[in-house]
Amino acid sequence: MAMLFWATGVFAYVIAVFHRQSLGVSSIEAAARLDVGAAGLSILAMLQLLVYAAMQVPVGVFVDRLGSKRMLIAGATVMACGELVFALAEGLLPGIAGRALIGCGDAMTFISVIRLVSLHFPAHRNPVMVQLTGLIGQLGAIASAVPLIQSLHAYGWTPTFLGAAGLGVLSAFLLITLLRDSRPERTGEPPGLKAAWAEPGTRLGMWTHAATQCSAAAFLLLWGYPFLVQGQGLDPSTAGVLLSTLTLCGMACGPLLGYLAGRFPFHRSRMVLTVIGTTAAAWTAVLAWPGQAPLWLLVLLVVVLAANGPGSMIGFDYARTFNPAARIGAATGIVNGGGFVASMSVIALVGVILDLAGETGLDAFRWAFAVQYPIWALGAVQVLRYRGKARRLLLAAQTSA
């Protein structure tokens, strides 16, 4: 039954990722349909992400109070409504409303599935199941690419996005039918956001997620392709292969890192620091190379970056380890929100420095990507700091027991 509940939740997460990515692969059609330029498309994408980020902590608190099933059904329904609005939109304001609804529903999904994993699987299997959740969720990104593009070309805008809304309805129906998750019981544990934030293990997870996720996220979401093409002089097809390699290697790395985190829980922080250190070393080699880096070094960079996503998932394992079931949602929201803020900070700072440089040549990209070093340094220091606090608190609890 645990596997059935998890599979139902993961299917909802796959559909959420599909909704999340649907704008990126339909941007040309969206510009024509909504009569907007690049700035308008940027507003649509950024607003969706900002809504997603702003909802993380509130959703975490509501998951603890209402349970995963109710939040997953609400998320699927809200995203279906968002796709419906987007399907009928003929201007920027309706388009913004549709993408905001999608960001809101998307925010309800991942945290709810992580709570299902935490409650239905033993501790030693939890890290692997979290990694598998993230890995399988990438199927939604794949489904939002070629199939959605083909549907747009074959059937047009409105039928395609009405079909996407139908997937949300299907997801909600399966959740209502197959998932069993009662309202969480009240316990004597301190409830809510304040107690989750006060737990050093929660902040250890937040800094873990922030320091390990930000580089690969910025590379994949926006700046990797222009860096490889405009900065490193690669042709677009080669750059596309490198980006695909990063995703595929990340999918392969996830279960392995999840197994190691579950098998050696007292060495998780060393894994995190290794991911941060190897990422910084790979970027240093690329940025310090005289002239454009050779292809083998760029391949090495994307292979190293592939460990960022799986490494960030260890942050959720810290949230589970150091928090009772009554506040897993709030702790997970804090962890996820920290990673998002760090990723958006890198994306924004790289863009600001490129604008200040007034060009997108190799030297400008070198200065721009150097903004990652302070974030890695701060993250590593905070991981060490809160690791010590969490261990001391755990030792005190064991001693008093």
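1. Let's start inside. The largest nonpolar core has 87 residues, and F219, F227, L228, W283, V350 and F369 touch the most other members. Helix α10 (residues 200–231) gives this core its largest share, 12 residues. A nonpolar core here is a set of buried Ala, Val, Leu, Ile, Met, Phe, Trp, Tyr and Cys residues joined through side-chain atoms within 4.5 Å. Buried means under 20% relative accessible area, exposed over 50%, and partly exposed in between, with a 1.4 Å probe and protein chains only. Apart from this core lies another one of 12 residues, including L23, A30, F86 and F161.

2. A word on the source before going on. This is a predicted model, in which local features need pLDDT of at least 70 and side-chain atom pairs count only at pLDDT 80 or more, while totals for chains, interfaces and linings use all residues. Residues are numbered from 1 along each chain as its sequence is written, and side-chain values use heavy atoms, with hydrogens and water left out.

3. Contact means heavy atoms within 4.5 Å.

4. Now the overall fold. The protein chain has 17 helices and zero strands; helices (H or I, at least four residues) and strands (E, at least two) are DSSP runs, numbered from the N terminus. Its radius of gyration is 21 Å, close to the 21 Å that the globule rule gives for 401 residues, so the chain is as compact as a globular protein of that length. The radius is taken over C-alpha atoms, and the rule is 2.2 Å times the number of residues to the power 0.38. Along its principal axes, the C-alpha trace spans about 60 × 50 × 30 Å.

5. Of the 401 residues in the protein chain, 53% are buried. Among contacts between residues at least 6 apart in sequence, 82% join residues at least 24 apart.

6. Helix α5 (residues 92–120) holds L116, and I111 lies in helix α5 too. L116 is buried, with a relative accessible area of 1%, and I111 counts as buried at 0%. Beyond neighbours within four places in sequence, L116 is in contact with F5, G9, S68, L72, L179 and D181. I111, not counting residues up to four places away, touches Q56, V59, G60, V63, G329, T332 and G333. L116 and V10 are 106 residues apart in sequence, with their C-alpha atoms 9.9 Å apart.

7. Is S345 buried or partly exposed? S345, in helix α15 (residues 328–357), counts as partly exposed at 28% relative accessibility.

8. Finally, the surface. The accessible surface of the protein chain comes to about 16,900 Å², and 70% of that belongs to carbon and sulfur atoms. Accessible areas come from the Shrake-Rupley method with a 1.4 Å probe; for residues, only the protein chains shown count as cover.
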